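Please keep the sequence and the structure in view while reading.

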Amino acid sequence: MKKAFPIAVAAVAASLVASPAFAQVTGTVSIDGSVANRCALSINSATISVGEMALASDGKLNASVINGQNRTLTGFCNGSAATMTVEAQPLLNITAPAAPPAGFDNRVNYTATANANSVNGTDSSVTAGAGSAVTVGQFSGNILVTLSAASSPASGILVAGTYQGKVLVTLSPVL
Amino acid sequence: MKKILFAALAASSALIAVPAAAQTVTGTVNVTGTVGNRCSVVLPAGASSSTFSGTIALGTLDDADGTLRDNLIGSTTAAPADGLHVTTRVVCNTAAPVVTISATAMQVAGGTLTGATGYSDTINYIAQVEVDKVGATSEFRRYNTATSAAPAGSTATGALTAPISPAAGDNVDVSVFALASEGANTNVLAAGNYLGVVTVTVSPT
């Protein structure tokens, strides 16, 4: 006899295999970088040519041709601890550098003031070396350098010749 | 059921930024000036000038006999004519200013006795300028109108051996001495106003 093979249709119940939902995951990639304490000057030099420095009347220093002269440098510092120093080097007679006789001068002194971020740094050329450092902090813009208090050591007659001096403005990112 | 945990490994790569070494920067403002070679006359009021002037007024030039005054003839470098000087203050800013002197004889304007024997209308003299120098010394420049040159032993032009004294006060002194009537001191001087001119220049070089 035939047997009926029951075809078991296996009803495969589509069993919904409750596979667990993918747990949300979060990957994190950290990115970091740094900016070094830095100062830079985009305009780092200038020249003040004062011309004739002696009075026609008595040959002594005409301070008015120096006092008030100014030039602008530009730069920036990005750290709150940035400092600035100024060094004024005297105008020295390079034509006649030897010590002059009594009553004559071949050196002109002055005070230089640099203003950056509304902070003044100063130095007098009377004493060698830079002035005290001042904190300028974070700034970007002009550095105005102004001359004042011009004088000669003996208030004497200025020896004829060419005179040269310079103002050095130094920005330091950190102390 | 199994829970498969997917662990996401988050690998973070840390970028360690090595900060650049902090650098100082320096800006330079050059300052230049000049002092030109210069000599100036300092006037009493403090103003300056390129010239000075004065008069040595000798007054009556003749003695009672009409000849040139003996004391003018006998005047010397140390005791110039009538003790008169014209002085001024000059400032120079060079190491060896050049001082030059020249002079013209004293002559009567429109003289009518020119060449007449026994008469003179021209008086020669030696003009001198004394310039004070640094170091409390001085130098002379002299000129004899009779020879149109410096007298023997003197120079009419040349650089000083030291700068002009910068001290306050007059440092240039002009005088005349050793006057002599042209021809002979025994000549009678023609009447009239006599005028001679001494020119002194001080140059920075």
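## Chain B

Among contacts in chain B between residues at least 6 apart in sequence, those joining residues at least 24 apart account for 73%, a value that, like every other one here, is computed from a predicted model. The secondary structure of chain B consists of 1 helix and 14 strands, and 39% of the 205 residues in this chain are buried.

## The interface between chain A and chain B

On the side of chain A, 61 residues are in contact with 46 residues of chain B, and the two chains bury about 4,100 Å² between them, with 60% of that area on carbon and sulfur atoms. The residues of chain A that touch chain B divide by class into 34 nonpolar, 21 polar and 6 charged.

Polar contacts between chain A and chain B, counted where both residues have pLDDT 80 or more, link 20 residue pairs. Several strands of chain A each supply at least two residues of the side that touches chain B, including strand 1 (39-43), strand 2 (45-52), strand 3 (70-77) and strand 9 (139-151); the largest share, 12 residues, comes from strand 11 of chain A.

The count of salt bridges between the two chains is 1, and this salt bridge is formed by the side chains of Glu52(A) and Arg38(B), at 3.5 Å from N to O.

## A strand pairing across the chains

Within chain B, Val31(B) of strand 1 stands opposite Ile48(A).

## Strand 4 of chain A and its partners

How much of strand 4 of chain A is buried? This strand, residues 83-93, is mostly covered, with 8 of its 11 residues buried. Strand 4 pairs in the antiparallel sense with strand 11 of chain A over 9 bridges, and in this pairing Thr83(A) has Ser172(A) of strand 11 as its bridge partner.

Two further antiparallel pairings of strand 4 involve 2 bridges each: one with strand 8 of chain A, residues 134-135, and one with strand 6 of chain A, residues 107-116. In strand 8, Val134(A) is the bridge partner of Met84(A), whereas in strand 6 the residue opposite Leu91(A) is Val108(A).

Methods. Residues are numbered from 1 along each chain as its sequence is written. Chains are lettered from A and ligands numbered from 1 in the order in which they are written. This is a predicted model: local features need pLDDT of at least 70, side-chain atom pairs count only at pLDDT 80 or more; totals for chains, interfaces and linings use all residues. Side-chain values use heavy atoms; hydrogens and water are left out. Contact means heavy atoms within 4.5 Å. Buried area is the accessible area (1.4 Å probe) that two parts lose on being put together, summed over both. A salt bridge is a side-chain nitrogen of Lys or Arg within 4 Å of a carboxyl oxygen of Asp or Glu. A polar contact is a pair of N or O atoms within 3.5 Å; within protein, one must be able to donate a hydrogen and the other to accept it, and residues adjacent in sequence count only if both atoms are side-chain atoms. Helices (H or I, at least four residues) and strands (E, at least two) are DSSP runs, numbered from the N terminus. Ala, Val, Leu, Ile, Met, Phe, Trp, Tyr, Cys and Pro count as nonpolar, Asp, Glu, Lys and Arg as charged, and the others, Gly among them, as polar. Two strands pair if DSSP finds at least two bridges between them. Buried means under 20% relative accessible area, exposed over 50%, partly exposed in between (1.4 Å probe, protein chains only).
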